[in-house]
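Reader: Can you walk me through this one? I'd like the cores, a helix and the sheet.

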Amino acid sequence: KSSQKCINAFTGEIVFMPIFYKKVGIDWFNYRKILCLGVYYLLVLASFTGLSTILGLTDFMTAQEDMKEGLNPQETVDISQDILEYLKYTSKTCKVVRKFEYKFHIPLIHVKMYH
């Protein structure tokens, strides 16, 4: 139920990718047009983040929700300029309203999600 609520909350672009990618090829990582419950769980399975959570090997780091004014793009130092430019180009606005951070011990990744 919370997964579907999360999917329904997305109104802009959905880019699921490593932070070090550059603008060229970002379209391959944009799931906005195809994200549904099945694709959501496929991403969780393929990234092993679900396994990490089931095994209790996920650390919750931080969360900020309901940022009505949004997060200033200059404050999102973890988001590369290429990605910010892509988001501005594709969605015409770039406003971060939620931020989550997790550390998954399997597969040893540190995830920062900006919504």
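This is a predicted model: local features need pLDDT of at least 70, side-chain atom pairs count only at pLDDT 80 or more; totals for chains, interfaces and linings use all residues.

Reader: Which residues make up the largest nonpolar core?

Author: The eight residues are M17, I26, F29, I79, I83, L84, Y86 and L87. A nonpolar core is a set of buried Ala, Val, Leu, Ile, Met, Phe, Trp, Tyr and Cys residues joined through side-chain atoms within 4.5 Å. Buried means under 20% relative accessible area, exposed over 50%, and partly exposed in between, with a 1.4 Å probe and protein chains only. Another core, of six residues, lies apart from it and includes I7, I14, Y31 and L43.

Reader: What is I26 in contact with?

Author: Neighbours within four places in sequence aside, V15, M17, D82, I83 and Y86. Contact means heavy atoms within 4.5 Å.

Reader: Switching to helix α2. Which of its residues are buried?

Author: In α2 (residues 37-47), V39, L43 and S47 are buried. Viewed down the axis of α2, they fall within an arc of 60 degrees, so they line one face of the helix. That arc is taken from the directions from the helix axis to the C-beta atoms. Helices (H or I, at least four residues) and strands (E, at least two) are DSSP runs, numbered from the N terminus.

Reader: What covers that side, and what is on the face turned away?

Author: The cover over the buried residues includes α3 (49-54). The face turned away carries L42 and L45, both exposed. After α2 comes F48, with a positive phi near 65 degrees.

Reader: And the sheet, what is the strand order?

Author: The order is β1-β2-β3, in an open sheet with antiparallel pairing. β1 (58-64) and β3 (109-114) are the edge strands, each pairing on one side only. Two strands pair if DSSP finds at least two bridges between them.

Reader: How many bridges join β1 to β2?

Author: Six. T58 stands opposite F104 in β2.

Reader: Is E101 buried or exposed?

Author: E101 has 15% relative accessibility, so this residue counts as buried. E101 sits in β2 (residues 99-104), and its side chain makes a polar contact with the side chain of H110 at 2.5 Å. A polar contact is a pair of N or O atoms within 3.5 Å; within protein, one must be able to donate a hydrogen and the other to accept it, and residues adjacent in sequence count only if both atoms are side-chain atoms.

Methods
Residues are numbered from 1 along each chain as its sequence is written. Side-chain values use heavy atoms; hydrogens and water are left out.
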